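Keep the 3D view open while reading.

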Amino acid sequence: MTPHARYVLRLADSNLVLAQRLGEWAGHAPALEEDLGLANVSLDLLGQARILLAHAGQLEGRGRGEDELAYLREESEYYNLTLVEQPNGDFGDTIMRQFLFDAWQLGLYEALLGSSDATLAAVAAKGRGEAAYHLRYSGGWVERLGDGTAESHARVAASLARLWPYTQELFVDDDVERAASEAGIGVLPSALEGAFAARTGETLARATLARPAKTAFQWYGKQGRHSEHLGYLLAEMQSLHRAHPGATW
Amino acid sequence: MAVAARARAATTPPPELLARLRGILAQVADPEIPVLSVLDLGVIRHFLLGPDGKLEVGISPTYSGCPANAVIKTDVLRALCAAGFDAVAVDVLAPAWSSDWLSEEGRRKLEAYGIAPPGAPSDARPACPRCGSASTSRTSEFGSTPCKALYRCDACLEPFDYFKCI
């Protein structure tokens, strides 16, 4: 697979895996509004993922479509960020994971508006407005939980401490990204860190949460080396298709 | 690539045919908000007539995750086939659809239907579509479909939907 196809597939996988995680909340969120909110964010991410998966399949040129890529790849062939496969935990954990992702994705889509890959640029143009909307939702909750009761503050502060180390991966450049960036297709992850720091810093300050320090801790989900959680998620997501190959509605 | 190749061979239909096509699609309703036609929604991007007589309709998806996108495509093709056209639909991703593309008539229809139309800056408060009061508050960023948020009027106390501005 070329760096171009791999780059597109990474973006598709992060969206797809997070959409699946958010889908696990359907019927279980603390209030109807949050049930709708998480499901709607999930749908947007899934819609973007479908276009990106189909595009990655075309670039790969081996005849794999969105379904083959989503349902028939093993864990080590998934290239999503490790952050998005982390379990839902409580609502605060889910919202913090979403907030960190949204703040990153908004910067990413802004940068991809000028991509020489027309499909990526189109997904970015539509996704930018959606990511901004998602960030307003997740950021609003981070603020309310952080600046809420002693209990909500303590719990969401713990969520932040637990999830923050996974953000390191979002800003480390590797060969795939360097090649995509040089070709004008993609953007260097390191170039996105400034906007992310500004966006998260502002909200965390209003939420009375301190930004955790950088750690040496680093994951490589985008290179196919995942935490222990992704395998279970894929087993559930792929079970129907593997039991009934080619099943359709 | 296929689209570009087709576009070279195909031509825009003559005005009278275009008017007829628009007349047909004016009768195709949005599956979630039936007072809007697909033309009001602004998702119909082009018509191209191939030398073989095949009609290509370009359709833009609305919100990325909206399940209605697939239904809209099916309904458009069904209406055109019923009128005797051999039609195919192609996705047009760029430029991306935004809520700004809703027609003026579409905005009026939405308001009359009880849904506040988009257009206000995303953090401003839409006016109540029932009593017109500007004093409204948001109860949920997400509503019953991907295109709507939930608001409440502080004057008449009625809840209402707001067509999200994206």
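This is a predicted model: local features need pLDDT of at least 70, side-chain atom pairs count only at pLDDT 80 or more; totals for chains, interfaces and linings use all residues.

Chain B has an average pLDDT of 88. In that chain, 92% of the residues reach at least 70.

Turn to the place where chains A and B meet. Here 22 residues of chain A are in contact with 15 residues of chain B. On the chain A side, helix H2 (32-60) and helix H6 (118-146) each supply at least two residues. H6(A) gives the largest share, 12 residues.

Now follow H6(A) itself. With 29 residues at 1.5 Å a residue, H6(A) should span 42 Å. Its end C-alpha atoms are 40 Å apart, which agrees. There is still a bend of about 35° in H6(A), at A:Gly127. How enclosed is this helix? Of its 29 residues, 21 are buried, so H6(A) is largely enclosed by the rest of the structure.

Next comes the core. The largest nonpolar core holds 101 residues. Those touching the most other members are A:Val8, A:Ala12, A:Leu52, A:Trp104 and A:Val142. Helix H5 (residues 91-112) of chain A provides the largest share of this core, 12 residues. In soluble globular proteins, nonpolar side chains tend to be buried together.

Finally, look around A:Val142. Setting aside neighbours within four places in sequence, A:Val142 is in contact with A:Ile95, A:Met96, A:Phe99, A:Val156, A:Thr203 and A:Ala207.

Notes: Residues are numbered from 1 along each chain as its sequence is written. Chains are lettered from A and ligands numbered from 1 in the order in which they are written. Two residues are in contact if their C-beta atoms, placed from the backbone, lie within 7 Å. Helices (H or I, at least four residues) and strands (E, at least two) are DSSP runs, numbered from the N terminus. A nonpolar core is a set of buried Ala, Val, Leu, Ile, Met, Phe, Trp, Tyr and Cys residues joined through C-beta atoms within 7 Å. A residue is buried if 20 or more other C-beta atoms lie within 10 Å of its own, exposed if 12 or fewer, and partly exposed in between; C-beta atoms are placed from the backbone. pLDDT is the predictor's confidence in each residue, from 0 to 100. The expected span of a helix is 1.5 Å times one less than its number of residues. The bend at a residue is the angle between axes fitted to the seven residues ending there and the seven starting there.
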